[in-house]
Amino acid sequence: YLPQQESPFPISLLSSSWCCSCSGGSTLTGRSSVTHYKQYPPNTTKVYSYFECREKKTESSKSWKVKYDTTVFYGLQYILHKYLKGKVVTLAKIQEAKEVYREHFQDDVFNEKGWKYILEKYDGHLPIEIKAVPEGSVIPRGNVLFTVESTDPECYWLTNWVETILVQVWYPITVATNSREQKKILARYLLETSGNLDKLEYKLHDFGYRGVSSQETAGIGASAHLVNFKGTDTVAGIGVIKKYYGTKDPVPGYSVPAAEHSTITAWGKDHERDAFEHIVRQFPKVPVSIVSDSYDIFNACEKIWGEDLRSLIELRSADAPLIIRPDSGDPLDTVLKVLEILGKKFTTTENCKGYKVLPPYLRVIQGDGVDINTLQNIVEGMKKHRWSVENVSFGSGGALLQKLTRDLLSCCFKCSFVVTNGLGLNVFKDPVADPNKRSKKGRLSLHRTSTGDFQTLEEGKGDLEKYGPDLLRTVFRNGLITKTYTFDEVRDNAKIRNCDVEEFVN
């Protein structure tokens, strides 16, 4: 699932915008923090920063109808294991960084002394402490999710040096959050149109492997989707989960045999029926998905599936259904028309909620043009036309794993506390042109109120007894990972609650 050789720490020393990914090499990423150690006030001995998904005080973008009021915290454990734990500073990396930055800046600005200090005193382990909420936690936006601080006065500058790699947690957070919002939509409509949540975890399948930017993106993104669902074709995510989280199940995600256009068109247009029959017969005892729009999806449903191969399909079972896949046209119109054709050709029933259901050996999967908005449109359209959502599952590719940015959830990393000349100072930013970017002050803590809400306390006030324990737990200190979560724990923390569904249905 993953490349066998990895650089043990491609970011520890180099942090700008250049990459050398050779074995044992280093990677420079993000902004030029290499010079920041010279910019802090003289006699600074501590820098404390935090990460949050800022609360949006303005209307959502028209292209995204969902508000994303809460976020799923996921992916920090992966970053800590792969990039930060253990001995990550070596003399060879220090020398490489010194040479690269001399050329990059045309000056000797690299903090060679500081890195040699870490190598000699800490044997290359990073003297920082990271506290974070449990992975999988569903936290309202505007709350602290993790904090970072230096543990050695000589290494005050290290806190924000690691900002770039840590902020990349925005990606798994955003995928997991977007995926969970789609799960909420599916849960609400499924419950309303069927009366139960059977097979909810298989209603949104990951089709995104070929649409992402890299193998690593595929692994991280697919694992984030699997926080909420169990259907995936992006097997790289399974490798990430097994290696960095672990799960009680042999694998955390599943798939079914599925046709693609090449396995249909290779038979020629005049033999589409033969292709369908051949593939169905190849997989008689497991679900099989067959793309049916190579030429005419409606003819395929009406004539080939509904007449020529009907008797063959009727021999299948609920455990091994034929899953017909349209893959072109307007998503809502196509799904509705396919359902209407199949409903006329096969015997439908009416469930306890009064919605139409295809026979259990026949289902549909819509995998073209599916994002959170079209998903909402399709299930709403199905409801209006009295079709139960239990008839259809969905596949999503680029919209699930790739068409996302850090700005969607306003993920940011900000300094909020420093110690200079022995005195602690609460610091913040408050841009006059954008109140949304006002940052928090001082040392932070996160608490659960008596009503179940979350509250971030600023300026070190989190030790007040009435607020209860701080939900931020130390997960990393001085090169050691001190707390880990299994993927089963992550899933349990992120699971859909009754309140996510009942309010909508009622």
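The UniProt entry, which is unreviewed, places the feature "binding site" at Arg-210, His-261 and Arg-325; UniProt positions follow the numbering used here, feature names are shortened, and annotations may be inferred rather than shown by experiment. The lining of the largest pocket includes Arg-210, His-261 and Arg-325.

The model is predicted: local features need pLDDT of at least 70, side-chain atom pairs count only at pLDDT 80 or more, and totals for chains, interfaces and linings use all residues. Residues are numbered from 1 along each chain as its sequence is written, and side-chain values use heavy atoms, with hydrogens and water left out.

**The largest pocket**

A pocket is an open set of points on a 1 Å grid over the protein atoms alone, where a 1.4 Å probe fits and protein lies on both sides within 12 Å along at least five of seven lines; lining residues have an atom within 4 Å of a point. The largest pocket has a volume of about 1400 Å³, a volume being the space filled by probe spheres set on the points, which are joined across faces, edges and corners. Its lining holds 48 residues, and His-205, Phe-207, Ile-323, Ile-365 and Ser-393 lie nearest the centre. Two or more lining residues come from each of strand E8 (322–325), strand E11 (362–366), strand E12 (392–396) and helix H15 (398–401). Helices (H or I, at least four residues) and strands (E, at least two) are DSSP runs, numbered from the N terminus.

The lining divides into 19 nonpolar, 15 polar and 14 charged residues. Here Ala, Val, Leu, Ile, Met, Phe, Trp, Tyr, Cys and Pro count as nonpolar, Asp, Glu, Lys and Arg as charged, and the others, Gly among them, as polar.

Buried means under 20% relative accessible area, exposed over 50%, and partly exposed in between (1.4 Å probe, protein chains only).

| Residue | Relative accessibility | Class |
|---|---|---|
| Arg-210 | 81% | exposed |
| Arg-325 | 11% | buried |
| Ser-179 | 0% | buried |

Arg-210 sits in the loop between strand E6 (204–206) and helix H7 (215–225), whereas Arg-325 belongs to strand E8. Beyond its neighbours within four places in sequence, Arg-325 is in contact (heavy atoms within 4.5 Å) with residues including Phe-207, Glu-260, Asp-293 and Ile-365. Ser-179 is part of helix H6 (residues 170–194). With neighbours within four places in sequence left aside, Ser-179 is in contact with His-225, Asn-228, Phe-229 and Leu-400.

**The sheet around E13**

An open sheet is formed by seven strands in the order E14-E13-E1-E5-E3-E17-E18, with antiparallel pairing. E14 and strand E18 (480–481) stand at the edges with a single partner strand each, so one side of each is left without a neighbour in the sheet. Two strands pair if DSSP finds at least two bridges between them.

Eight of the ten residues of strand E13 (residues 411–420) are buried. E13 pairs with strand E1 (residues 44–53) in the antiparallel sense over nine bridges, and Tyr-48 stands opposite Phe-417 in E13. Four bridges join E13 to strand E14 (residues 423–426), also in an antiparallel run. Val-418 stands opposite Leu-425 in E14, and Thr-420 opposite Leu-423 in E14. The hairpin of E13 and E14 has two residues between the strands, and Asn-421 takes a positive phi near 55° there.
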